[in-house]
Amino acid sequence: MDKPTHLIEFETMLLGRHRHLDRSAYLLLNRIHITGPMSIGQLSEALGLDVSTLNRHTSALLRAGLAERIPDPGGGIARKFRLTDDGERWLGEEREKNILGLEKVLADWTAEDVTAFAAYLRRFNTDIENLAGRPWPRP
């Protein structure tokens, strides 16, 4: 994440959280990728979504082969979701598409403007996270 457009892509991915159902696979896979395996309860808390909604979304990820259920690596009772190799690949490809699109949109911007925009998006998302009490881990 060394280029400002990578930072902007990450922050705009986070904007999708506030619409809850848009880009759900992208959001879920990103969160699991950053945090590591998560239970349905942990995902519910992190995303502010009810368990029934997450059951539908995670079921779709399982059917698509993008995630799998595993025993809790910490020895807990709840099973956790982790990305499969296909899930990692899909997430990487989607991120790259988003970054390339952002680079096209921002092609005429100065490096300073892109950096400032990334900082403002991060600030915006962080302020929303603080209000909701659900910070999002950043790499």
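Helices (H or I, at least four residues) and strands (E, at least two) are DSSP runs, numbered from the N terminus. By this rule the protein chain of the predicted model contains six helices and two strands. Along the sequence they follow the pattern α-α-α-α-β-β-α-α. Residues are numbered from 1 along each chain as its sequence is written, and side-chain values use heavy atoms, with hydrogens and water left out. Because the model is predicted, local features need pLDDT of at least 70 and side-chain atom pairs count only at pLDDT 80 or more, while totals for chains, interfaces and linings use all residues.

The overall dimensions were computed next. The radius of gyration is taken over C-alpha atoms, and the globule rule is 2.2 Å times the number of residues to the power 0.38. For 139 residues a compact globule would have a value near 14 Å, and the 16 Å of the protein chain agrees with this. Along the principal axes, the C-alpha atoms fill a box of roughly 50 × 35 × 25 Å. The accessible surface (Shrake-Rupley method, 1.4 Å probe; for residues, only the protein chains shown count as cover) comes to about 7,900 Å², and 54% of this surface belongs to carbon and sulfur atoms.

Residues were classed as buried (under 20% relative accessible area), exposed (over 50%) or partly exposed (in between), with a 1.4 Å probe and protein chains only. Of the 139 residues, 38% count as buried. A contact means heavy atoms within 4.5 Å. Among contacts with a separation of 6 or more, 61% are accounted for by residues 24 or more positions apart.

Helix H3 (residues 40-47) has the buried residues Ile 40, Leu 43, Ser 44, Ala 46 and Leu 47. These residues pack against helix H2 (24-35), helix H4 (51-63) and strand E2. Just after H3, Gly 48 takes a positive phi of about 70°. In helix H1 (residues 4-15) lies Met 13, which counts as buried at 1% relative accessibility. Leaving aside residues up to four places away in sequence, Met 13 touches Arg 23, Tyr 26, Leu 27, Asn 30 and Trp 136. Arg 63, by contrast, is 50 residues from Met 13 in sequence and 23 Å away in space, C-alpha to C-alpha.

The structure holds seven salt bridges, each defined as a side-chain nitrogen of Lys or Arg within 4 Å of a carboxyl oxygen of Asp or Glu. One of them joins the side chains of Arg 82 and Glu 68 (2.7 Å, N to O). Arg 82 lies in strand E2 (residues 80-83) and Glu 68 in strand E1 (residues 67-70), so this pair ties together parts that are 14 residues apart in sequence. Arg 82 is partly exposed at 37% relative accessibility, and Glu 68 is partly exposed at 29%.

Another salt bridge links the side chains of Arg 89 and Asp 86 (2.3 Å, N to O). Both belong to helix H5 (residues 85-105), where they are three residues apart and therefore separated by about one helical turn. An α-helix has 3.6 residues a turn, so residues three or four places apart point the same way. Arg 89 is partly exposed, with a relative accessible area of 46%, as is Asp 86, with 41%. Glu 129 forms a salt bridge with Arg 138, the closest N and O atoms being 3.1 Å apart. Glu 129 is buried, at a relative accessible area of 3%.
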